[in-house]
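Let's take a friendly tour of the charged pairs in a protein chain. Have your viewer ready and follow along.

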Amino acid sequence: MSVAPGAEVRPPSCPDIQVAILRGERALFEHGDLQRARRWFDTAYREAQACGDLAGLARAALGLGGIWVHEHRTAVESEQVRVRQRHALSQVDPGSPIALRLRLRIQGEEDYRGGTHEGILRLLARTRSSGDALALAEALSLAHHCVLGPEHGALRLELAGELIGQAAATGRACDLIMGLMWRTADLYLAGDPHAERSLQELRAVLADHPHLAVEYVAGAIEVMLTIRAGRLEEAEKLADGCFERGVAAGDIDATGWYGGQLGAIRWYQGRAAELLPALADLVNSPTLSPIDNSYVAGLALAAAVAGDRRRAAGHLARLRGRDLAELPSSSSWMVAMYCVVEAAHLLQDADTAAAAYALLSPYAHLPVIASLGVACFGSVRHSLGMAALTTGDLDLAIAHLRAAVHDNLALGHWPAATLSRCRLGQALALRDGHADAAARAELATAAHEAAQLGMVLPAVVGRPPESDGACRFRRDGRHWRVELNGRVALVAHSVGMAYLATLAADPGQEIPAADLAAGTPGHGPLLDDVARDSFRRRLTRLQAEIDEHESAQDLERAAALRMEREWLIAELAAAAGLGGRARVPAGGEERARIAVGKAIRRALARISAVDPAIGEELRATVQTGVRCSYRPG
């Protein structure tokens, strides 16, 4: 068929393109189903490209960006979407509304990856005069996403408020939902006492207009609030459910946010060292934002808590680079700095602490919150106090830590308040002596609060770890704290852990497997004179250690030792008859050898899973058989 010169050439009709685009837009804007929306827009783009439908191509390319910035994290996906959007922009009228929306999306992505916001704010100003309601709503949300650093609080609230108002012009419920979501996150980031009112308003709108992506954000904030309330076990269950909702919504941050929530919970439980394997994997995940350094900082802190000083120092050096100030400002910057300060304190790295103090000082009035309200680590003043403590300025440290207690109480963050109170007591003891009444009062209150919240408080900083090469087991509620040359592994209680604790209580002493089995329910008590003497010697040493820690006002360590002492006393009582006479053996040596050997091997596997170095050392120094022993080098 011939075509007359100058006649318009129309692309072949492809009605399926419009169906795919409409379904993609409905999934994205009405339901917040990011995963389903991506599939529809990808299908629409391919079909539009095949048919030469330039308008459909542009709408599909725009939809592929999603509602957040940088939804596509891998290099392949990110570059593919970028190329598609630029190609679509080159194919449409530069003055058309779709071209403006594409330019906004492309600029927002570029600014976010570069850790800046100047370009998107300039384009936002031009969009305000365009008269395009949809473009303005999208520009406001994109710009908001690019200004999530702590220095932009006032600007964020302005953008969120304008977006809420703009929703009336677009008529889209998703614009109102996004505006309320941004405003809610902004108020929590600002430490506003009325932030929860905004959350309830958002919840009410979501009840009428369900939106998976924003419901996921609201659920993450609920996890944060549960951690603040000190209900740590409940928070962990909520975090599990929140992660599942994030995956269902197709949110690329689901894994990272779950890691942040679990990290906050384990930090306050005194179990940060358990996170080392997971953090080592997560820190190199392509799903993390390119400007997110919080997981590297978290890895440094977990390594420092575990006593792996070389690894911790290496990650701190990686963060500092030429200058700690070069870390890009982002929604994760505050958490990264919190971890940097805590790791520097454990390593007694005064230079890093001083650099972090200078950077954090302008934000003393803010809480440390990850992303859009994923997790909260309390007042910035706590980090300032820890940094001052590390540099040796005790007066300044005490002032900041005392203010941090107040701020954390105002936030309703009970674990953070307890931790700040503990550090305040330790700082007072360092400055005024262990007998100081104020120091004793703060430490006693912190220990009482920690017991109620299920927290394990940190030991006094600067005290050299026991480093005689022997492994020590300390009972801590439902866990055992295994310590070796400054390394710490927190492992759940089991029969095998109790056996190892008994062997470690008397290094070099051979104890029959039957005697070990005798102190465990179901095996029938049996302790010979050697075993009983071993237990009693350990009891004597425990009492001396308890007295020492109490005199130094290290109440949390003293409490842990008392729990171990009570356990040993119970084992001795169970293994003795009337008048303290040893009971008659209840089983054969061979049966005890097999049972005890299996239990100890299972316990060693659990220890290795938490800290391979401690596990390897114990495998080399614990002998099992008819007679068992622990012989450190």
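Below is a short report on the chain as a whole and on its salt bridges.

## Ground rules

This is a predicted model, in which local features need pLDDT of at least 70, side-chain atom pairs count only at pLDDT 80 or more, and totals for chains, interfaces and linings use all residues. Residues are numbered from 1 along each chain as its sequence is written, and side-chain values use heavy atoms, with hydrogens and water left out.

## The chain overall

You will find 28 helices and 8 strands in the secondary structure; these are DSSP runs numbered from the N terminus, with helices being H or I of at least four residues and strands being E of at least two. Of the 633 residues in the chain, 55% are buried. Here buried means under 20% relative accessible area, exposed means over 50%, and partly exposed is in between, using a 1.4 Å probe and protein chains only.

Among contacts (heavy atoms within 4.5 Å) with a separation of 6 or more, 64% involve residues 24 or more positions apart.

## Salt bridges: the tally

How many salt bridges does the count come to? The total is 29, where a salt bridge is a side-chain nitrogen of Lys or Arg within 4 Å of a carboxyl oxygen of Asp or Glu. Some of these join up: R101, E138, R172 and D175 are linked in a network.

## Two pairs with partly exposed partners

Start with R46 and D42, whose side chains form a salt bridge at 3.0 Å, N to O. Both residues sit in helix α2 (residues 34-51), 4 residues apart, which is about one turn of the helix. R46 is partly exposed at 47% relative accessibility, and D42 is partly exposed at 22%.

Next, look at E234 and R231, where the closest N and O atoms of the salt bridge are 2.7 Å apart. E234 has a relative accessible area of 37% and is partly exposed; R231 is partly exposed too, at 42%.

## A pair linking two helices

Now turn to D407 and R381, which meet in a salt bridge at 2.6 Å, N to O. D407 belongs to helix α20 (residues 394-411) and R381 to helix α19 (residues 380-391), so this pair ties together parts that are 26 residues apart in sequence. D407 counts as buried at 18% relative accessibility, whereas R381 counts as partly exposed at 24%.
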